[in-house]
Amino acid sequence: MLKKLLFFMCAAAMLTLTGCFEMVEEVYLNRDGSGKYLISIDMSDLFSDPMMKGIMEQAAKEQAGQNEEMEIDSIVRFSELPNADHLTSDEKMILKPLVMHIIMSESKSKMAFNMEYPFKDIADVKKMNEALTKLEGQDGAGANPMMGGPAGLMQGNQAGFSLKKKMLSRLPVKVDKDAMEAEGMEFAKMFLESAKFKTIYHLPGKVKKTTIPNATVNGSTVTVENGVLDIMEGKAKQDGDIKFK
């Protein structure tokens, strides 16, 4: 029920608004290579639009059987989803730490999706994204980031990292041009037209230099911001190195 509700609202938002959310990716790295990977999407602005608010209220009643205000506060564990049965035991193990916190509160005008992935080895982030893509694909999501609902948007950039001594590297990603031309992507492009994707790296030491384009360095933090569509279409380069003390 919840997944249908989420998809309905994302589809409605895509048809009525553009750039109606904020998307932030954060990487917290410890000295021993462990840390956590976070992605958050805030779509609270949807509540400020009367038509969109009405659509969400109606969707909540029809899909979730709610008769009162929409108040959802839920935790999703991806390794426990029904379609996770199609994954290998290694893929399930990789996804086990991954959780998503979903908040949709009409009374607080809040709609947010926060995904957290603690890791012992930062190389596991790429494996997690690959398993998550396979998991979404079980529902026919394919490469279309809108069809997977918020989870599809979250893993759409396929982040991957490596760590060698005191240098964190973001790995390059191959752009799937066929996916970008797939049916339904024009609507997705309209929705994502002005959306921004911000990445914040929290390093365990002061940053010496970085080769990532559009990066801003502030002590032990590196911030990068690009358009979501620019990333998906391969116009914005995200890969590069960060050297720190």
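I took helices (H or I, at least four residues) and strands (E, at least two) as DSSP runs, numbered from the N terminus. This is a predicted model, where local features need pLDDT of at least 70, side-chain atom pairs count only at pLDDT 80 or more, and totals for chains, interfaces and linings use all residues. Residues are numbered from 1 along each chain as its sequence is written, and side-chain values use heavy atoms, with hydrogens and water left out.

Entry: positive phi.
I looked up N214 and found it in the loop between β9 (207–210) and β10 (215–218). N214 is not a glycine, yet its phi is positive, about 65 degrees. Most residues other than glycine have a negative phi. Next I checked cover, with buried meaning under 20% relative accessible area, exposed over 50% and partly exposed in between (1.4 Å probe, protein chains only). N214 is exposed, at a relative accessible area of 53%.
I then went to K165, in the loop between β6 (161–164) and β7 (167–170). K165 also is no glycine, and its phi is positive, near 55 degrees. K165 counts as exposed because its relative accessibility is 82%.

Entry: L171.
Where does L171 lie? I found L171 in the loop between β7 and α6 (177–180). L171 is partly exposed, since its relative accessible area is 31%. For its partners I used contact as heavy atoms within 4.5 Å. Leaving aside neighbours within four places in sequence, L171 contacts K126, G160, F161, S162 and D239. I also checked the C-alpha atoms of L171 and K126: they are separated by 9.1 Å, with the two residues 45 apart along the chain.

Entry: core.
I used nonpolar core for a set of buried Ala, Val, Leu, Ile, Met, Phe, Trp, Tyr and Cys residues joined through side-chain atoms within 4.5 Å. The largest such core has 48 residues. Which members touch the most others? They are Y37, M128, F161, Y201 and L203. I followed L203: not counting residues up to four places away in sequence, L203 touches L29, L168, S220, V222, I242 and F244. In soluble globular proteins, nonpolar side chains tend to be buried together.

Entry: whole chain.
I counted 8 helices and 12 strands. Of the 245 residues, 47% count as buried. Among contacts with a separation of 6 or more, residues 24 or more positions apart account for 68%. The chain exposes about 12,500 Å² (Shrake-Rupley method, 1.4 Å probe). Carbon and sulfur atoms supply 50% of that area.
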